Amino acid sequence: MVTTTWTRRHVLSLADFLPTEYDIVLQTAASFREVLSRRTKKVPTLQGQVVTTMFFEPSTRTRSSFELAAKRLSADALTFSPGSSSLTKGETILDTAKTYLAMGTDIMVIRHREAGVPHAVAAEMDRLGTGVGVLNAGDGQHEHPSQALLDLFTLCSLLDPENPRSQLLKDKKVAIVGDILHSRVARSNLWSLTASGVEVHLAAPPTLLPKLFAHTIKDERRQRLFLHWQVEPALQDADFVMTLRLQKERMGQHLLPSLREYHQHFGITRDRLQLCKPDVKVLHPGPVNRGVEISSDLMDDPALSLIQTQVTSGVAVRMALLYLMGGRSR
Amino acid sequence: MVTTTWTRRHVLSLADFLPTEYDIVLQTAASFREVLSRRTKKVPTLQGQVVTTMFFEPSTRTRSSFELAAKRLSADALTFSPGSSSLTKGETILDTAKTYLAMGTDIMVIRHREAGVPHAVAAEMDRLGTGVGVLNAGDGQHEHPSQALLDLFTLCSLLDPENPRSQLLKDKKVAIVGDILHSRVARSNLWSLTASGVEVHLAAPPTLLPKLFAHTIKDERRQRLFLHWQVEPALQDADFVMTLRLQKERMGQHLLPSLREYHQHFGITRDRLQLCKPDVKVLHPGPVNRGVEISSDLMDDPALSLIQTQVTSGVAVRMALLYLMGGRSR
Amino acid sequence: MVTTTWTRRHVLSLADFLPTEYDIVLQTAASFREVLSRRTKKVPTLQGQVVTTMFFEPSTRTRSSFELAAKRLSADALTFSPGSSSLTKGETILDTAKTYLAMGTDIMVIRHREAGVPHAVAAEMDRLGTGVGVLNAGDGQHEHPSQALLDLFTLCSLLDPENPRSQLLKDKKVAIVGDILHSRVARSNLWSLTASGVEVHLAAPPTLLPKLFAHTIKDERRQRLFLHWQVEPALQDADFVMTLRLQKERMGQHLLPSLREYHQHFGITRDRLQLCKPDVKVLHPGPVNRGVEISSDLMDDPALSLIQTQVTSGVAVRMALLYLMGGRSR
C-alpha cells in the first residue's frame, strides 16, 4: 500500500486535494476491495479504535456504509443520533463532539445540514491538540468528499481494475446532470474530476444551474468546466454521465415545474445515451427516483449503470479513508 | 451437525418445508443451544459475513433476537431502519435491498407489513445470481417462519431435549387461540404443526376465524385441522395451547367487542386449562397483553408457561437458520 | 485488581455503599483507564456476555458511554429502544426485561423516568434466581450511581492519579449548585461524598432546594451537609464545585424566573470562583447549557473545568462496574 506521503488528518473538502492524494486513496481502496472479496472480509487494522458517526441529518445508506467500513477494519463504531439526544437539550455541536472525544473517539464522521460544521469540529479538535480526524460525510450544499472519491474509484477501476489512478481520466468527458445548485456531490466531484484532467459538462434547468456557479472554481480548472441549460450538448460524446438526485421539495420552491417535465427534458434514457460514446456508463449517488433522473430500465441494465458498483466502491473507499486518517493513536 | 441435505437458500414460508428440513433446523438449533449455555456464547461460524436486518415494520424484540443470533455467530450485523431512511425519499424496496447487497450483505432478514415483500426481494437476489439468502421475519398476515420454527423447537425440546425431532409431535393436539385471521404466526404454525402430524384446533370469535380459512390448506393436511368458535372444544384434551397476540387496533375495526369480553370468552386461565391434558403448556409469541390473551398469574407460572423458553429458543433457532442459509460465500 | 470483597450483584443506589466498595470501584476504574490509554483499547473480560441497555428515557451520551464500556470489555451490546417497541404495544417493563433475560442478557443497564424501576427489575431477576445484574443508569429524580462514581473517580484521580481512593477527599469542601430538588445526580453524589468525609454545601434557589431535603439523609451524614439559598457561602473556600444541569422545562413550572436571572444569581463564573480555594475545579454532568450553569469561557478552560475528564472517567468507571457485576456466568 502506498501510504508514505499521506499527511492529511481530516478529509473535509476536495478543493485542495493533490493528485498524489487521489492516487493514494484509489490504491488503498483497491487493496481493501480485495479484502472485501474474501470469505472473511475483515482486517484488524483499526482494532480497539473508535469511529463515531455523527449524522445530524438522517441517512441510512451513507451511515451504514461508514459503519460497515469501520467494522471491517475491526474498529468499534459508535453512533450519535441527535433525534433522541442532548442536542434537543441545548448542547452545542462542538460540545457534543468534545463529549465523544472524551469518550475516546479516534475518528469522527460528520454529516450536517449546515455547510462548514465538519470544518468547525476539525478546527476545534486541532486547537485542542487531540489528533482526532474528522471526515465530512456531507455538509449542507458544500461538499461530500467520500462520495466523489468513490465515484472516482468507480470510474478509474473500470478503466484499470488492477491499478486505478486518476490520470486514467485525463481528457475524458463527464456530464453531470441534475440539481447542480443544491448538490454537494456535484461540488466535490467538480474538484476531483477537474484535478484528474476531466472535461466536466454540467447540465440543468437554469433555476438549478446559475451562471455564477462556475465562478467558485479557480481559473485553471474553470477551463475544463462547461455549463449547459439543455442536456444534449453535455451528453454529446460523453464517456460518463453522472446523474444527481432530484429533491422533490425543490418543486415547492418553484425551482422545478414537475418531476415529469424534468424527466422529459433532463432524464437519462437509452435514447439520450445514443449521443454519448458507445461504451458510456451512468452513475447516480442514490437513492434514485426511478423514472425521474434515470429511466427505470436503464437503471437496471448492468451494461450501462454503475450504480451498484458505486455502493460497493463506497465501502472500500471509506475503509481506505478511515485507514489513512488512522486516528490519533498513530 | 446434520447439514448434508440442506439446500434451501431462502427461508420465506413453511408451506413447502419437508420433514427432513424441520429436523435439520431442530438439530442444528439444539447444538447452538448448547453454545448459548457456555460462558463464552460465541462461535466464529459467520465471521466476516454481513447479516442485514431490514425491518420496515417496527419490532424491537424480533430484531434483537436476530441481531444477537448474528453476533453470536460472529457475523457483522447491519441495521436498516426506514424511519430515517431513503424510503421516505422515494426509493423502492428492491433498490434498498440492492444497495445493501452492493455493500456486501450475505443474508437479509426482512419484515414488512405487506405479504410477499421478502419473496420479491429473494426472487430479485436470485435473478441477479447473488447467492444472498433472504429470511422472512414476518410479512403482513402471511408468514413468520422463524417464529413457527422456534415454537416447534420449544415443543420438541420439551419432549426430548437431547434429540428434538418433529415426529415427537405426531398425534398431539395443539390448540391455537386468538386472532387467527390476522396472524402470520398462526399461518406458519399451521404448516409446521400439520407437517409434524399434529391435530390443530383453531379457536376464535367468528370475526377472527372465517370458515374459508381452512381452504388455504391442502387437503391432506386439512384433515388435521379443526375450527371452533368457542375455546372449550379446542382446549379439550389439548397437549399444548398456543395463544396469539390480540392487536388492540382490531377493535376499532369492529372485529372485537372489548378486550374484557375477549378475555371472558377466549382468555386462557387456570380454570380453562383444566380441560386440557394434565401436563399442558401454554405458548405466546409475545408481547403479551396481560389479562387479555392469558391471565397474568398463568403467564408467570413456569410450570405452565413456555413463553420465556420460546424467547430463548428464538436465538438458537435463528442462529441455526442463519448458519444453514450461510450466505453467498458458501 | 482488588475485587476480592465485591459481593454486589446490582448497582442501584449508593445509599448503602461501603467505603471499601467505593475504593474497589476506584481502583478497578484506574486499571481500566490504563487500558483506555493503549493503542488497542480492548480487553476480553466479558467476551460472549451480553450487556443490554434499556433506556426508557432518551439519552445518547450516557447510553454511548455504557455501550463503549461494554464493547471495550468485548461484551455484545444489545440496545432496547422503546420508541419503536413492544412497550407501545402494552407490554409491561418487567415482561420486557424478562424477554431480554430469556435472550441471554447477563447485565441490564436501565434508565427510566420513574424512580424505582431498576430496583423492581432487579428484584424480579433475583426472585427468578437468574444471576443477572441490574445497573441503574438514572431513575426519575432518585439516583444515578454511575454518574456519582465517575465524579468521585474524577476527583480522587486528580488528587492521586496512581492510587485514587475515597479517603483522599476527607474534609474537603464540595459545593453542589443548581437544581438540587430534581437531580438524581445530586442525590447519588450526596451519598458518595458524605461517605468519603466530604463537607457538602448545596446551593440553589429556595424553589429548587426545600429545607426538607436534608431530612432524607441519615443523621451522622447530615452533619456534613449544609444548605444555602445563595451561592456565595457554598463557594467560600470550596475545593470543588459541582454544577447541575438546569432543565428548561422547570421554568414553565414557575420554579425559576429565567435562565438569565438564574445565571446572574447562581451561575458559576471566574469572578465567583475567587471565593473558592485557589486550585478549585468545576464539574458538570453534561450536557451543559453554556452561559447558564457555567460561563462559557470557564467551561472551556482546562485549568478550571473537569467536564471532559468526567466523560473519560465515565467509560473507565462503567467498565469497572460492568466488570465487577460480571454477569450471571461468574
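**Briefing: chains, interfaces and buried parts of a predicted model**

In this structure, 21 residues of chain C are in contact with 21 residues of chain A. The elements of chain C that give two or more residues to the side touching chain A are helix 2 (61-72) and helix 13 (307-325).

**Contacts between chains**

- On the side of chain C that touches chain A, helix 2 of chain C gives the most, with 5 residues.
- Sorted by class, that side of chain C, the one that touches chain A, has 7 nonpolar, 8 polar and 6 charged residues.
- Turning to chains A and B, 21 residues of chain A are in contact with 21 residues of chain B, and the elements that give two or more residues to the side of chain A that touches chain B are helix 2 (61-72) and helix 13 (307-325) of chain A.
- Helix 2 of chain A provides the largest share of the side of chain A that touches chain B, namely 5 residues, and the residues of this side divide into 7 nonpolar, 8 polar and 6 charged.

**How the copies are related**

- Chain C is superposed on chain A by a rotation of 120 degrees with 0.1 Å of shift along its axis, and the RMSD is 0.0 Å. The two copies are thus related as by a three-fold rotation axis.
- Chain A is superposed on chain B by a rotation of 120 degrees with 0.0 Å of shift along its axis, again with an RMSD of 0.0 Å.

**Two domains in chain A**

- Chain A is divided into domain 1, made of 19-143 + 312-325, and domain 2, which covers 145-311, and the C-alpha centres of these two domains of chain A lie 25 Å apart.
- Where the domains meet, 24 residues of domain 1 of chain A are in contact with 26 residues of domain 2 of chain A.
- Helix 1 (19-36), strand 4 (133-139) and helix 13 of chain A are the elements that give two or more residues to the side of domain 1 that touches domain 2, and by class this side of domain 1 has 11 nonpolar, 8 polar and 5 charged residues.

**The nonpolar core**

- The largest nonpolar core holds 311 residues, and those that touch the most other members are A:Val177, A:Leu322, B:Val177, B:Leu322, C:Val177 and C:Leu322.
- Taking one of these residues as an example, and not counting residues up to four places away in sequence, B:Val177 touches B:Ala203, B:Ala204, B:Val231, B:Ala234, B:Val241, B:Thr243, B:Leu244, B:Phe266 and B:Ile268.

**Helix 5 in each chain**

- In chain A, helix 5 (residues 145-159) has 15 residues and reaches 21 Å from its first C-alpha to its last, close to the 21 Å expected at 1.5 Å a residue. Of its 15 residues, 13 are buried, so helix 5 of chain A is largely enclosed by the rest of the structure.
- In chain B, the 15 residues of helix 5 (residues 145-159) should span 21 Å at 1.5 Å a residue, and the end C-alpha atoms are 21 Å apart, which agrees. Here too, 13 of the 15 residues of helix 5 of chain B are buried, so this helix is largely enclosed by the rest of the structure.
- In chain C, helix 5 (residues 145-159) has 15 residues and reaches 21 Å from first C-alpha to last, close to the 21 Å expected at 1.5 Å a residue. Because 13 of the 15 residues of helix 5 of chain C are buried, this helix is largely enclosed by the rest of the structure.

- C:Ala30 lies in helix 1 (residues 19-36) of chain C. With 22 other C-beta atoms within 10 Å, C:Ala30 is buried, since a residue counts as buried when 20 or more other C-beta atoms lie within 10 Å of its own.
- Not counting residues up to four places away in sequence, C:Ala30 touches C:Ser157 and C:Pro164, whereas the C-alpha atoms of C:Ala30 and C:Ser296, which are 266 residues apart along the chain, are separated by 30 Å.
- A:Ala97 is found in helix 3 (residues 93-103) of chain A, and A:Ala97 is buried, with 26 other C-beta atoms within 10 Å.
- Leaving aside its neighbours within four places in sequence, A:Ala97 is in contact with A:Met108, A:Val121 and A:Glu124, while the C-alpha atoms of A:Ala97 and A:Phe213, 116 residues apart along the chain, are separated by 33 Å.

Key
Residues are numbered from 1 along each chain as its sequence is written. Chains are lettered from A and ligands numbered from 1 in the order in which they are written. This is a predicted model: local features need pLDDT of at least 70, side-chain atom pairs count only at pLDDT 80 or more; totals for chains, interfaces and linings use all residues. Copies are superposed by least squares on the C-alpha atoms of residues with pLDDT of at least 70 in both. Two residues are in contact if their C-beta atoms, placed from the backbone, lie within 7 Å. Helices (H or I, at least four residues) and strands (E, at least two) are DSSP runs, numbered from the N terminus. Ala, Val, Leu, Ile, Met, Phe, Trp, Tyr, Cys and Pro count as nonpolar, Asp, Glu, Lys and Arg as charged, and the others, Gly among them, as polar. A nonpolar core is a set of buried Ala, Val, Leu, Ile, Met, Phe, Trp, Tyr and Cys residues joined through C-beta atoms within 7 Å. A residue is buried if 20 or more other C-beta atoms lie within 10 Å of its own, exposed if 12 or fewer, and partly exposed in between; C-beta atoms are placed from the backbone. The expected span of a helix is 1.5 Å times one less than its number of residues. Domain bounds come from an automatic or database domain assignment.
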